[in-house]
Amino acid sequence: MTSMNRSAIRIATLVLLAVLFLAINLFSNIVFRSAQVDLTQSRLFTLSQGTENVLKKIDEPITLKFFYSESLATDFPQVRAYANRVRDLLEEIRDRSHGKIVLEVVDPEPFSEQEDLAMSLGLKGARTTEGEVIYFGLVGTNLVDGIEAIPFFTDERQQYLEYDVTRLIQNLSRPKKPVLGIVTNIPLDTGSGGLMAAMRGQSQPFAIYQELQNRFEINFLEQKFVKVPADVDVLMIAHPKQLDQETLYAIDQFVMRGGRVLAFVDPHSEVSLTAGPDGQPVQGYTEASDLAPLLKDWGVDYDTKHIVGDRDLAMRVQTGLDARRQTSDYVLWLSVPKAEFDQNDIVTSSIDHINLGTAGVLKPAANATTRFTPLFWSSKDAETYDLDYVKAGHTPDELLNAFKPTGETYVLAARVSGPLKSAFSAAPALPVEDETKRSDAMDKPDAFVAQTKADANIIVVADSDILDDRFWTQPSGDGNDRTLVPFADNAKFILSAIDNLMGSDDLISLRARERVDRPFVVVDNLRREAERKFLTEQERLKAKITETEQRLAALQTEGAGAGQAAGVDPSDPHAQEEIAQFRAELLQSRKALRDVQRNLRRDIDRLATEVRFANVALMPILVAIVALGIAIFRHRRRKARAGKGA
């Protein structure tokens, strides 16, 4: 075979390989376009079963318009990366909907009709330093007149991405929202300013109320009623004032007839005590709430006189009492982590953490017919405080120094299920004054039902501060661009609980997704331990300094007095030596105190440095060493083979 023939064969082979490569790529793009492998631990890029269920229930087509200023976002890699993730999710949802979802991607260029459309649909743009406006939102419409929008995909809500999109689709796919009845003495719809602030146009509704509005049709029930409306699917009782017998009977019969209840009771509600614009709590506020005798009948023993304190779950709060340490652990405010949640309950199986304030204690009642299942609880590094002691206003450090854990865990929220008997023996008679004021149109009490036909389903939480904005959200932006960014899963838990009680599990798995970021548990534990040692040593040194100062002052005073009264010379060498000794001891104690305060974070900083080194440098170094070792091994093996061949 000639060299020319060999060259022709090589060229033909290269051409065939190139054609084969192109053919394989075209075939892969067509056949495997929707194929994917999700290797992330939290399955971030796999649709949840809840989304699959929602897509199966769509009866009429829904159009999703994804507005993304792609041409303007080229200089913002974080936005581009998130936008790619959003687009991938939307395309996956479209492909899994079997034609029920129509996806349109719109690039609203400046001064274009698409930009005008984005603005008219209520999308919010993010202004760049050059004055350009980037749109990054979603609008969904159905065949009727329904319209839902996500004004802007904020980076802070990445963990809620699938939930936000699927909720939008579900709201468009059903004819009406489910009805949530609310009984509360907390101004959820007006904020801490109450009705007066609302009349002045200054109301700021609770963030949880806005979340509830997006998901449900809200029906506020007055705190004195004789019947729960028939269209109410779930009744949320959130820290009510003391309810009369007729109202308690109405709630009891709602449960007897299969109604579901989510109840928040609190022995010391800080959200109720929040000052409004005038510096005072809302008129008619209630510090404590209870649902006796219903709770006892439901199988719940609720302690109204004690507050849970937990050193391990304590939230960090701003104190400002010490220039060197601006924050401290507050054992009465709890940040409950994933480890303290029931992993077998669909509502709490994957909650990351929630924040509570001055929470009470729940226990199963004796001789109950129901099943009492704790949903989340304290750690074992906990104790209970008498309510009067809590109201005395002790500082975080005072609470820490006096802390004496019992080694027990305390239930903070529980699910009650099973057969129930009514807490009443018959329908109570209405008071005479109510009978005379009642009109013909007024609902009459429900006919008495003695027990449930099916198992009851009730969730009770021994805290109302879980509803407070400051425990789970942080404001971002100003004016019309102001958004509330969640830093805890309080709303996730509440909405998941209501969805579950309504019999809709479709969205539960979406809200139950784990966060991408993970807390540095070892660092947090080391910080807590170091601070405990710091507090003990600091108190000891402060006491020693105070004692030394008092002894020094007394010696100087006695020396001066003795010199005047008895002619003793105050400059006596022995007296001066003792004074000098006390001064040296005082200086040494003050230096030791400064050393303790300066070295408080030494171990924490060292560990943080080691963690950063392991994440940033150690793994690349190990990979480089392994690669170098493989290269040396291969080189030596080739060299050995060459030596044998020679």
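**Close-ups of a predicted model**

**View 1. The residue that follows helix α8.** Just past the end of α8, Gly 258 adopts a positive phi of about 100 degrees. Keep in mind that this is a predicted model, here and in the views below.

**View 2. Helix α8 from end to end.** This helix covers residues 245-256, twelve in total. From its first C-alpha to its last, α8 reaches 16 Å, close to the 16 Å expected at 1.5 Å a residue.

**View 3. Helix α3 meets helix α5.** Here α3 (residues 77-96) packs on α5 (residues 161-173) at an angle of about 45 degrees, and the two axes sit 11 Å apart. That angle makes α3 oblique to α5. As for handedness, the α3 and α5 crossing is right-handed.

**View 4. Side by side at the α3 and α5 contact.** On the α3 side, the contact is made by Tyr 82, Arg 85, Val 86, Leu 89, Leu 90 and Ile 93. From α5 come Leu 161, Glu 162, Val 165 and Ile 169. Sort the residues of this contact by type and you get eight nonpolar, two charged and no polar.

Note on methods: Residues are numbered from 1 along each chain as its sequence is written. This is a predicted model: local features need pLDDT of at least 70, side-chain atom pairs count only at pLDDT 80 or more; totals for chains, interfaces and linings use all residues. Side-chain values use heavy atoms; hydrogens and water are left out. Axes are lines fitted to C-alpha atoms, for helices over the stretch in contact, and angles run from 0 to 180 degrees between N-to-C directions. Helices (H or I, at least four residues) and strands (E, at least two) are DSSP runs, numbered from the N terminus. Angles under 35 degrees count as roughly parallel, over 145 as roughly antiparallel, 65 to 115 as roughly perpendicular and the rest as oblique. A crossing is left-handed if the near helix is turned anticlockwise from the far one by less than a right angle, and right-handed if clockwise. Contact means heavy atoms within 4.5 Å. Ala, Val, Leu, Ile, Met, Phe, Trp, Tyr, Cys and Pro count as nonpolar, Asp, Glu, Lys and Arg as charged, and the others, Gly among them, as polar. The expected span of a helix is 1.5 Å times one less than its number of residues.
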